[in-house]
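Me: I have just opened this one and would like to be walked through it slowly. Could we go piece by piece?

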Amino acid sequence: MSWLERENGSIEVLKDEKTRLPAKPHLRHVAKELAISTLNINGNTYNTRQLGSLIIRELNA
């Protein structure tokens with residue numbers, strides 16, 4: 001599975017070279033595996049772009 005952050009900030013999840021929609025369930029699964037919280041500091045869930053960006057930053061670190 002791979003991730004792509006588009007120029008406009010949207011997140012695309014790719015698996016077997018195909019885009020997986022909706023992306024958010026896939027991102028939640030990866031966040032759980034990486035022990036990344038899906039909640040922001042206010043206790044609200046991250047949207048798809050925010051969560052995707054967090055995961056991409058973590059994987060690139």
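Me: Which side chain makes a polar contact with the side chain of Arg6?
Reply: This is a predicted model, and in the model the side chain of Glu12 makes a polar contact of 2.6 Å with the side chain of Arg6.

Me: Where does Glu12 sit, and is Glu12 buried or exposed?
Reply: Glu12 has its place in strand β2, which covers residues 11-15. Glu12 counts as buried because its relative accessibility is 18%, and the cut-off for buried is under 20%.

Me: What does Glu12 touch, leaving out residues up to four places away in sequence?
Reply: With those left out, Glu12 touches Ser2, Trp3, Leu4, Arg6 and Thr19. One of these, Leu4, also stands opposite Glu12 in β2.

Me: OK, now the sheet. How many strands form the sheet, and in what order?
Reply: The open sheet is formed by 3 strands in the order β1-β2-β3, and their pairing is antiparallel. The edge strands, each pairing on one side only, are β1 (2-5) and β3 (18-20). Neighbouring strands of this sheet are turned against each other by 40° on average, with direction ignored.

Me: How many bridges join β1 to β2?
Reply: There are 4 bridges joining β1 to β2, and these two strands run antiparallel. Along this pair, Glu5 stands opposite Ile11 in β2.

Me: What about the hairpin of β1 and β2, which residue there takes a positive phi?
Reply: In that hairpin, which has 5 residues between the strands, Gly9 is the residue with a positive phi, near 95°.

Me: Then over how many bridges do β2 and β3 pair?
Reply: β2 and β3 pair over 3 bridges, in the antiparallel sense. Across this pairing, Leu14 stands opposite Thr19 in β3, while Val13 stands opposite Arg20 in β3.

Me: And in the hairpin of β2 and β3, which residue takes a positive phi?
Reply: Asp16 does, with a phi near 55°, in a hairpin that has 2 residues between the strands.

Me: Switching to helices: at roughly what angle do the axes of α1 and α2 cross?
Reply: Helix α1 (residues 24-33) and helix α2 (residues 48-60) have axes that cross at roughly 40° and come within 10 Å. The crossing of α1 and α2 is left-handed.

Me: Which residues make that contact?
Reply: From α1 the contact is made by Lys24, Leu27, Arg28, Val30 and Ala31, and from α2 by Thr48, Leu51, Gly52 and Ile55. Sorted by class, the contact of α1 with α2 has 5 nonpolar, 2 polar and 2 charged residues.

Me: Going back to how β2 and β3 pair, over how many bridges was that, and which strands does α1 touch?
Reply: The pairing of β2 and β3 is over 3 bridges. Helix α1 packs on the sheet and touches β1, β2 and β3, with a direction that makes about 80° with that of β2. Helix α2 also packs on the sheet, touching β1 and β2, and the direction of α2 makes about 60° with that of β2.

Me: Where does Asn44 lie, and what does Asn44 touch beyond residues up to four places away in sequence?
Reply: Asn44 lies in the loop between α1 and α2, and with those sequence neighbours not counted, Asn44 touches Thr38 and Leu39. Asn44 counts as partly exposed because its relative accessibility is 43%. From C-alpha to C-alpha, Asn44 and Leu14 are 26 Å apart in space, and they are 30 residues apart in sequence.

Me: Last one: is Asn60 buried or exposed?
Reply: Asn60, which lies in helix α2, is exposed because its relative accessible area is 64%, and the cut-off for exposed is over 50%. Asn60 and Pro22 are 38 residues apart in sequence and, from C-alpha to C-alpha, 23 Å apart in space.

Conventions. Residues are numbered from 1 along each chain as its sequence is written. This is a predicted model: local features need pLDDT of at least 70, side-chain atom pairs count only at pLDDT 80 or more; totals for chains, interfaces and linings use all residues. Side-chain values use heavy atoms; hydrogens and water are left out. Buried means under 20% relative accessible area, exposed over 50%, partly exposed in between (1.4 Å probe, protein chains only). A polar contact is a pair of N or O atoms within 3.5 Å; within protein, one must be able to donate a hydrogen and the other to accept it, and residues adjacent in sequence count only if both atoms are side-chain atoms. Contact means heavy atoms within 4.5 Å. Axes are lines fitted to C-alpha atoms, for helices over the stretch in contact, and angles run from 0 to 180 degrees between N-to-C directions. A crossing is left-handed if the near helix is turned anticlockwise from the far one by less than a right angle, and right-handed if clockwise. Ala, Val, Leu, Ile, Met, Phe, Trp, Tyr, Cys and Pro count as nonpolar, Asp, Glu, Lys and Arg as charged, and the others, Gly among them, as polar. Two strands pair if DSSP finds at least two bridges between them.
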